[in-house]
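Subject: Structure for your files

Hello,

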Amino acid sequence: MTVATLFPSVLGVEFAALDSCLRWVHSGDPRQLRGSVTVDQGTSVLAKVLGVVASLPSAMTDAPIEVRIEVTEKGETWIRLFASHHLMVSTLQRDRGLLVERLGPAAFKFRLLVRDGTLDWVLEHVAAFGIALPLRWFRISATIDSRDGRYHFVVDSELRGVGRIVRYEGLLDAAA
């Protein structure tokens, strides 16, 4: 397996069932994408602290977003620039059929599911500072689909007893 096939290697034959826009973005080639995003941030003090620790964006509506995907020996690095000033960087790797996203001190393992050309990220494991945390504490999901030939994403995260941490939704221009 080569790194250039991160999503195809995690999804296997299901990769072909993705919408062509999603296949293009997740093909394993470096990408530079632009679009717009709306971010809802949790309002509790703990949600705001977690947002700072994980470098999550603050609330914004229909703001510009740039996403750069870099392919490395170990996987992919996703560099997101929200509203030209907030940087959020995560790394993606494969681990035994799951996709691992590292964001700040946290690591999230997702099972990827393809349904009607859409890609759903289903949370399977969470760790912070290398310590496994109870999965029941979290509700984190991502759904990726295509809208009028554009890459549409919805990411939502909540922590039990705290509520929403962050939710962001947007569209990226993608040449499929």
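In what follows, buried means under 20% relative accessible area, exposed means over 50%, and partly exposed is in between (1.4 Å probe, protein chains only). This is a predicted model: local features need pLDDT of at least 70, side-chain atom pairs count only at pLDDT 80 or more, and totals for chains, interfaces and linings use all residues. Residues are numbered from 1 along each chain as its sequence is written, and side-chain values use heavy atoms, with hydrogens and water left out.

Salt bridges

Side chains of opposite charge can pair when their charged atoms come close. A salt bridge here is a side-chain nitrogen of Lys or Arg within 4 Å of a carboxyl oxygen of Asp or Glu. The count by this rule is 13. Strands, as used below, are DSSP runs of E with at least two residues, numbered from the N terminus.

One of the salt bridges joins Arg-34 to Glu-66, with 3.7 Å between the closest N and O atoms. Arg-34 is in strand β1 (residues 31-41) and Glu-66 in strand β2 (residues 60-71), so this pair links distant parts of the chain, 32 residues apart. Arg-34 is partly exposed at 45% relative accessibility, and Glu-66 is partly exposed at 27%.

Lys-109 and Asp-95 also meet through their side chains, at 2.7 Å from N to O. Lys-109 belongs to strand β6 (residues 106-115) and Asp-95 to strand β4 (residues 86-95), so the pair ties together parts that are 14 residues apart in sequence. Lys-109 has a relative accessible area of 21% and is partly exposed.

A further salt bridge is formed by Glu-158 and Arg-139, whose closest N and O atoms are 3.2 Å apart. Because Glu-158 lies in strand β10 (residues 150-159) and Arg-139 in strand β9 (residues 138-147), the pair ties together parts 19 residues apart in sequence. Glu-158 is partly exposed at 29%, as is Arg-139 at 37%. Both belong to a network of salt bridges that links Arg-139, Asp-156, Glu-158 and Arg-164.

Largest pocket

A pocket is an open set of points on a 1 Å grid over the protein atoms alone, where a 1.4 Å probe fits, with protein on both sides within 12 Å along at least five of seven lines; lining residues have an atom within 4 Å of a point. The largest pocket holds about 800 Å³ of space, the volume being the space filled by probe spheres set on the points, which are joined across faces, edges and corners. It is lined by 39 residues, and those closest to its centre are Ala-54, Leu-56, Leu-103, Phe-108 and Ile-140. Strand β10 gives the largest share of this lining, 7 residues. The lining has 33 nonpolar, 2 polar and 4 charged residues (Ala, Val, Leu, Ile, Met, Phe, Trp, Tyr, Cys and Pro count as nonpolar, Asp, Glu, Lys and Arg as charged, and the others, Gly among them, as polar).

Regards

How values were computed. Helices (H or I, at least four residues) and strands (E, at least two) are DSSP runs, numbered from the N terminus.
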